[in-house]
Amino acid sequence: MKSYFENYESLHDSSFEDFMAHQLSSSLCQGIPDNWNVGVRLSVRELSLVGEGSHRHLSSSIRLQIAAASIPKLPAHLCEVIVIQRLPLGVFADPFELQNPHKHKAFRDIAVFGDTNLELPSFQSNRSAVEFHIDAGFNILFMQNNGTEFNLLLPLDARYQPLDESGYSVVEIGEPDMLMRCSVEGKQHKQSCLFMSPPNEKAKSTSATVAWKIPAGMKAHAGFLSVITFVTALLSTLSIVYASMFLSGTKVSKT
Amino acid sequence: MISLKPRSILLISAIFRVGLILFGEWQDTHVEVRYTDVDYLVFSDAASLMASGQSPYKRTTYRYSPLLAFLLIPNSFTSRCWGKFLFSASDLFVGLFIRIILKQRKVPDDLCTYSMLIWLFNPFTFTIGTRGNCEPIVCAMILWIIICLNNGNVVQAAFWYGLIVHFRIYPIIYALPIIIFLDPCFFRSGTKPLLSDWTSDQGKARQINSELTDKCVVCDALKSTFTRSRILFGLISGTVFLLCTGFFFRLYGWEFLHEALLYHLTRTDPRHNFSIYFYHIYLNYERELSVLEKLISFLPQFIVQLVLILCFAKDLVFCFFVQTVAFVAFNKVITAQYFVWFFCLLPLILPWSNMKLKWKGLCCILLWMGAQTHWLLWGYLLEFKGKNVFLQLWMASLLFLAANTFILIVLIRHHNYGPVFRQHTDLKTTKTT
């Protein structure tokens, strides 16, 4: 994602997909001519939102499967799974929460890219993405035919939504993008190889999205609300002014 | 009657705060919900950026003077708790300064002790420093300014005032009352002003020093407004403010000016907070507010501040207190940490109040806490249960303003107003009502 944001100002799905395709094609490894044929399969088994209110967790259960014949080719201890969760407008991941050592000790690295301004409402913010790096080495060595699973629990916060007559706004979060990166010892130097599930395999997996219903302000409130707010402020002002001038000890008696 | 000595109170408070800081470290490591305020992490990050020669404003949401980051640089190479110890120490200084200020006015020991306890053992105040919030530093500096003014030390008061306005903008509201307070009737060249002492009658009946007030109003009007003390105060505080601001502007440019100063002057936050304006701001956030709308929301604050200053400036601490309560109540954004700004002044005005804890005082406390709790309940439903209760939350903020207004009026009614200083000539007889 760091490379993506070095080339693009904000996160758009089409730009990101082009970028990923370009990254993959430029990371072909010697001895492994085609990234798709290594037999790496990364899929989302389950995607759900956990919790209530404005602070929830996106739970992703990810399965990594590697064809048995491919396992010896991969340098087990130098592989990591990279999961990129693109977030829609309307929600954000707080980098502060992701630093919590209690929760995230299993990850090699976690970072948030894009708009990390926590304070802006969604209609004034841009999208962001969270990138996880998970050590896959141990899992590859001992992988069974049904693969291995990673569970990710990403804390998310809702931004203030655009006004809506219904009083709620629905934000949809899709599956993460996943790939595996291995450092392979080449003939002359080490190289970093990227692998991901073949496009047709990726399409087969349930294109699951989760929907998050977030409270939104209602335009119908605007008219009377402003009037009552200012009238209340005025009444409070007059009360304090009256009390200060006539009910306090500053009253001057005439002699 | 409490017979604890001030030293013992401070020692117990210090031990308690150290314990809380250590507990906070344990909680942060072992429990999901952190004890440490998120702002503390912002300060610490900014401090470590500064320590490595970078701008503290590279840390998003750092909106303070670089001075704060500078004070927390030791977080990076000693202990990450350094800042918390610093803030808690300031917290203890506030307790000490409360005692000093009251003793300057000859308030009896038992009342001084109660006042210290109200600050040092208020759950709100002792958590704020130990969680890593920097407000105790601000409170300590403001109380020190009061001590300097009471001692007639205008130069020192001006220096700290310029610094505190640079550090945290809100004390600018105290500028006019301080200028009025530096009354030529009391502040004369070469003589220390005479403080009027607390008497046992303070707590029983209201006194009006009307003849004294009359005479000095005339005195003030006749003499020039621009007295030596006032000019000195204005020049020194202004110079200190400009020097600090100019120095950091040179180092960090427009980013410093915007984040540390301009942001606070223009801040509006559509997210829910105690202010009555939050929902209005959210509903209108997508469009630019008209000049009339901005003026209408600014006018109540302006009028209240002006009237409070003109009525109470001579009783400086009380003036600071009522101004701060009103400033917070009418502000466009209210967060819980702002309450500390007037909590540190409350113990200083209580010896001059004829309101008893039973039952009026207790009612005021319960009313204020009840209004706050009521708001928090709706806030919880919105934020943690995802219910659309914006309207109810806004109504709760109206009630909170009403509660603050009511309590402020009650405190004004029960306060024994009197100028802090008396003239060097003989006092006229005061009338008792």
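Buried area is the accessible area, found with a 1.4 Å probe, that two parts lose on being put together, summed over both. In this predicted model, chain A and chain B bury about 5200 Å² between them, and 65% of that area lies on carbon and sulfur atoms. On the side of chain A, the residues A:F96, A:E119 and A:Y160 supply 15% of the area that this chain buries against chain B, more than any other three residues. The contact as a whole draws 51 residues from chain A and 56 residues from chain B.

Turning to the pairings across this interface, the rule finds 14 residue pairs in polar contact, with both residues at pLDDT 80 or more, and one salt bridge. That salt bridge joins B:K385 to A:E52, with the closest N and O atoms 2.8 Å apart. Helix α6 of chain A, residues 222-247, gives the most to the side of chain A that touches chain B, contributing 18 residues, and the residues of that side divide into 24 nonpolar, 23 polar and four charged.

The second largest pocket has a volume of about 1300 Å³ and is lined by 37 residues, of which B:I118, B:L346, B:L350, B:L357 and B:I365 lie nearest its centre. Among the elements of chain B that give two or more residues to this lining are α6 (109-120), α15 (316-330) and α19 (390-414), while the largest share, eight residues, comes from α18(B). Sorted by kind, the residues of the pocket lining comprise 26 nonpolar, nine polar and two charged.

Definitions and conventions:
Residues are numbered from 1 along each chain as its sequence is written. Chains are lettered from A and ligands numbered from 1 in the order in which they are written. This is a predicted model: local features need pLDDT of at least 70, side-chain atom pairs count only at pLDDT 80 or more; totals for chains, interfaces and linings use all residues. Side-chain values use heavy atoms; hydrogens and water are left out. Contact means heavy atoms within 4.5 Å. A salt bridge is a side-chain nitrogen of Lys or Arg within 4 Å of a carboxyl oxygen of Asp or Glu. A polar contact is a pair of N or O atoms within 3.5 Å; within protein, one must be able to donate a hydrogen and the other to accept it, and residues adjacent in sequence count only if both atoms are side-chain atoms. Helices (H or I, at least four residues) and strands (E, at least two) are DSSP runs, numbered from the N terminus. Ala, Val, Leu, Ile, Met, Phe, Trp, Tyr, Cys and Pro count as nonpolar, Asp, Glu, Lys and Arg as charged, and the others, Gly among them, as polar. On a 1 Å grid over the protein atoms alone, a cavity is a set of points where a 1.4 Å probe fits but cannot get out, and a pocket is an open set with protein on both sides within 12 Å along at least five of seven lines; lining residues have an atom within 4 Å of a point. Grid points are joined across faces, edges and corners, and a volume is the space filled by probe spheres set on the points.
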